[in-house]
Amino acid sequence: MRLRYSDVTPERWYLSRRELMAGAAALAVVGATGGGAAAATPPAGPPLKATPNPAYRVADAPTKLEAATTYNNFYEFGTNKEDPSRLAGTLKPRPWHVQVDGLCAKPRTFDVEEILKLAPLEERIYILRCVEAWSMVIPWIGYPLAALLKQVEPRPGAKYVEFTTLKDPEQFPGQKPGFLGLGSLDWPYTEGLRLDEAMHPLALLTVGMYGQVLPNQNGAPVRIVTPWKYGFKSAKSIVRIRLTDTEPKTAWNKAAPQEYGFYSNVNPTVDHPRWSQATERRIGEFRRRPTLMFNGYADQVASLYSGMDLKKNY
């Protein structure tokens, strides 16, 4: 049985949870108590030094660490927003290797420590927007994904990049058959980008946040962040990156193709079939705000989609 979003989060539950999160009172609930499931203050991880990059900052204050680490989507740990912080202790982010192969001249397997040293680490403050119409402002740590891809020298025929998350039900309880009585996505979780999207300077190979290494519940030890797309496009706990000449089959597109297209660019004119994407609520705020095209990064990325029908290619 394949998991549909409606199987996981009935709309009435989603709407009530979203309203619960409104404003400072909701932030206190999620940040301080994690809905009763998470610790009051997540333990600090090992520090990770990075140079702040002033070119990638937003005017809004960052979301509180407590909220960013206790209210998130990571279905390998469960379908509730609090499940990742509650169950992520099973993940072992060391040792860890990432295989990079496919249509490239120099396929290679990288140890995570090698990944950390490939390029200077920088802090970028990006907006993370989720398809359920909420968003966060997070200081991520990493470097352009292009720096890793250039190490393997993509061949001329490479047009896409596929990302694969670890498949290990012992470390990811949400991958166990019948977990919480629900069906399953088609594990392992896969995502994909066009090669030019993956090589864009905004696409971040991410190893930390808030001045520390990535917490398990946020995608340790390595993930990507593509800030002009919905959050589920930013694959977590990556073990393989494959260059290919064909569009990869992605996890949510396979599970619910009528709801989740390959591109998944933030586009306020394209509604989710069961709710509007025209406005969003920033975690920690009372008011709703208009959703910006490409999540506010249109000046940087709109040229990637010149001539495309962005309602058809959703």
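Residues are numbered from 1 along each chain as its sequence is written, and side-chain values rest on heavy atoms, with hydrogens and water left out. Because the model is predicted, local features need pLDDT of at least 70 and side-chain atom pairs count only at pLDDT 80 or more, while totals for chains, interfaces and linings use all residues.

A search of the whole structure returns 13 aromatic pairs; rings of Phe, Tyr and Trp (its six-membered ring) pair if their centres lie within 6.5 Å, with planes under 30 degrees apart counted as stacked, over 60 as edge-to-face and the rest as tilted. One of the pairs, Phe-74 with Phe-172, is tilted, at 5.6 Å centre to centre and 55° between the planes. This pair links distant parts of the chain, 98 residues apart: Phe-74 lies in the loop between helix H4 (65-70) and helix H5 (83-87), and Phe-172 in the loop between strand E6 (160-165) and strand E7 (190-194). Helices (H or I, at least four residues) and strands (E, at least two) are DSSP runs, numbered from the N terminus. Phe-74 counts as buried because its relative accessibility is 2%, and Phe-172 is buried at 0%; buried means under 20% relative accessible area, exposed over 50% and partly exposed in between (1.4 Å probe, protein chains only).

A further pair, Phe-232 with Tyr-260, is edge-to-face, with 5.3 Å centre to centre and 85° between the planes. Here the partners are 28 residues apart, Phe-232 in the loop between strand E10 (223-225) and strand E11 (238-244) and Tyr-260 in the loop between helix H9 (251-255) and strand E12 (279-282). Both Phe-232 and Tyr-260 are buried.

The charged end of Lys-233 sits over the ring of Phe-262, 4.4 Å from its centre, and Lys-236 lies over the face of Phe-74, at 5.2 Å from the ring centre. The criterion is NZ of Lys or CZ of Arg within 6 Å of the ring centre and within 35 degrees of the ring normal. Phe-262 also belongs to one aromatic cluster with Tyr-160, Tyr-263, Phe-294 and Tyr-305.

The largest nonpolar core has 69 residues, and Trp-140, Leu-145, Phe-163, Trp-228 and Ile-241 have the most contacts inside it. Such a core is a set of buried Ala, Val, Leu, Ile, Met, Phe, Trp, Tyr and Cys residues joined through side-chain atoms within 4.5 Å. Strand E5 (residues 134-144) gives the most to this core, with seven residues. A second, separate core of 13 residues includes Tyr-260, along with Ala-251, Trp-252 and Val-266.
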